[in-house]
Amino acid sequence: MSITVRKGVLEDLPKLLEIEPKATPGLQYLNDVQEEFFNNEIGEMVVAEEDGNIIGFGRFSTQFDGSGWLECLRVDPAHQKKGCGAQIWKRYVELCDIYHVPFVRMYTGLTNYASKTLGERNGLHVAYQTQEGTLLKENIPDVEPVEGFELADCHHCAAAAIEPYAEGYHNYYCINRTFYTMGEPLYKALVKDQMVWKKGDSMVVLGARFQKDKGLHIALMGGNLDECVRFAIQKFRESGVGKLVCMIPSEREDLHEVLLKYGFTIPSNHIIMLERAF
């Protein structure tokens with residue numbers, strides 16, 4: 001029996017939704033992002049079949065700067081470790097060539113050895129290690145109001161606000177566990193989505209890539225971190241969504257401490273981003 005891959009279509013969704021909870025019981029979001037993930041103008045939903053039966057899938061997409069992003073690779077447990085993931089990865093690499101990507105990236109858990117190994121076999125390496133803090137709606141603390149933050153209204157303003165702090169984030173931007181390269185294409189997108197807030201030498205980037213009705217994300221912050229977090233909590237309270245999330249570099253004790261101060265939970269596990277240059 002041979003495994004083949006093809007471009008997925010929306011009609012495949014019911015079967016993919018059967019596979020997702022079996023493959024990743026604690027992480028299910030495909031149904032919420034179906035419109036984006038089946039948009040084959042900016043990538044491809046790769047579907048793997050054996051004898052005409054769908055047994056796995058994965059998403060390839062392109063980012064603001066043309067880089068590739070790999071996500072949501074799911075294989076039915078009955079077919080794991082039998083070559084399905086390798087076939088999806090083969091198509092990923094073909095898509096990198098088709099789209100002429102300068103980089104391709106993915107994320108996984110530091111201890112998810114199967115996912116990390118597949119990435120490394122295809123030329124990716126660990127480029128960034130992070131931790132994720134979460135504050136739930138029911139745990140929002142009372143904070144002293146912060147005034148004076150204003151939206152950046154042009155990408156030059158966004159760049160001026162963000163770039164002094166870019167090195168502290170290894171020059172990567174992360175939201176919804178999706179990692180991007182810092183630069184003008186990203187800044188233009190952030191300004192368009194009204195996500196960059198600045199006050200003097202401080203800045204905080206707030207928003208979400210998807211599932212905007214479920215969570216607000218602090219993607220970046222710098223300057224007066226205490227004010228940045230308090231401002232983010234204000235916006236979180238106003239939004240009514242269920243959680244405020246912040247991904248931080250694992251070694252950044254200053255960010256770690258300010259999140260803990262305001263009630264964020266930061267699990268001990270680490271999230272890694274793998275990258276390959278072309």
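Predicted model: local features only at pLDDT ≥ 70, side-chain atom pairs only at ≥ 80, totals over all residues.
Figure 1. Trp-69 belongs to strand β4, which covers residues 68-75. Leaving aside residues up to four places away in sequence, Trp-69 touches Arg-59, Phe-60, Ser-61, Gln-63, Val-104, Arg-105, Met-106, Tyr-107, Arg-177, Thr-178, Phe-179 and Arg-209. The C-alpha atoms of Trp-69 and Tyr-92 are 9.5 Å apart in space, and the two residues are 23 residues apart in sequence.

**Figure 2. Aromatic cluster that includes Trp-69.** A cluster is formed by Trp-69, Tyr-128, Tyr-172 and Phe-179, linked through ring pairs. Of these residues, Phe-179 is also among those that Trp-69 touches.

**Figure 3. The ring pair of Tyr-29 and Phe-37.** The number of aromatic pairs in the structure is 12. In the pair of Tyr-29 and Phe-37, the ring centres are 6.1 Å apart and the planes stand at 85°, so the pair is edge-to-face. Planes over 60 degrees apart count as edge-to-face. Both Tyr-29 and Phe-37 are buried.

**Figure 4. Arg-252 and the ring of Tyr-169.** Arg-252 lies over the face of the Tyr-169 ring. The distance from Arg-252 to the ring centre is 5.5 Å.

**Figure 5. Contact of helices α5 and α6.** Two packed helices are described by the angle between their axes and the distance between the axes. Helix α5 spans residues 155-162 and helix α6 spans residues 184-192; their axes come within 8 Å and cross at roughly 110°. On the α5 side the contact is made by His-155, Ala-158, Ala-159 and Ile-162, and on the α6 side by Glu-184, Tyr-187, Lys-188, Leu-190 and Val-191. The residues of this contact comprise 6 nonpolar, 1 polar and 2 charged.

**Figure 6. Buried residues of helix α8.** Helix α8 runs over residues 253-261, and Leu-255, His-256, Val-258 and Leu-259 in this helix are buried. An α-helix has 3.6 residues a turn, so residues three or four places apart point the same way. The elements that cover the buried residues of α8 include the strands β6 (125-136), β12 (215-222) and β13 (243-249), as well as helix α7 (225-239). After α8 comes Gly-263, which has a positive phi, near 90°.

How values were computed:
Residues numbered from 1 in each chain as written. Heavy atoms only, no water. Phe/Tyr/Trp six-rings, centres within 6.5 Å; stacked < 30°, edge-to-face > 60°. Buried < 20%, exposed > 50% of the residue type's maximum accessible area, 1.4 Å probe, protein only. Lys NZ or Arg CZ within 6 Å of the ring centre and 35° of its normal. Axes fitted to C-alpha atoms, helices over the stretch in contact; angles between N-to-C directions. Helix = DSSP H or I, 4+ residues; strand = E, 2+ residues; numbered from the N terminus. Contact = heavy atoms within 4.5 Å. Nonpolar A, V, L, I, M, F, W, Y, C, P; charged D, E, K, R; others polar.
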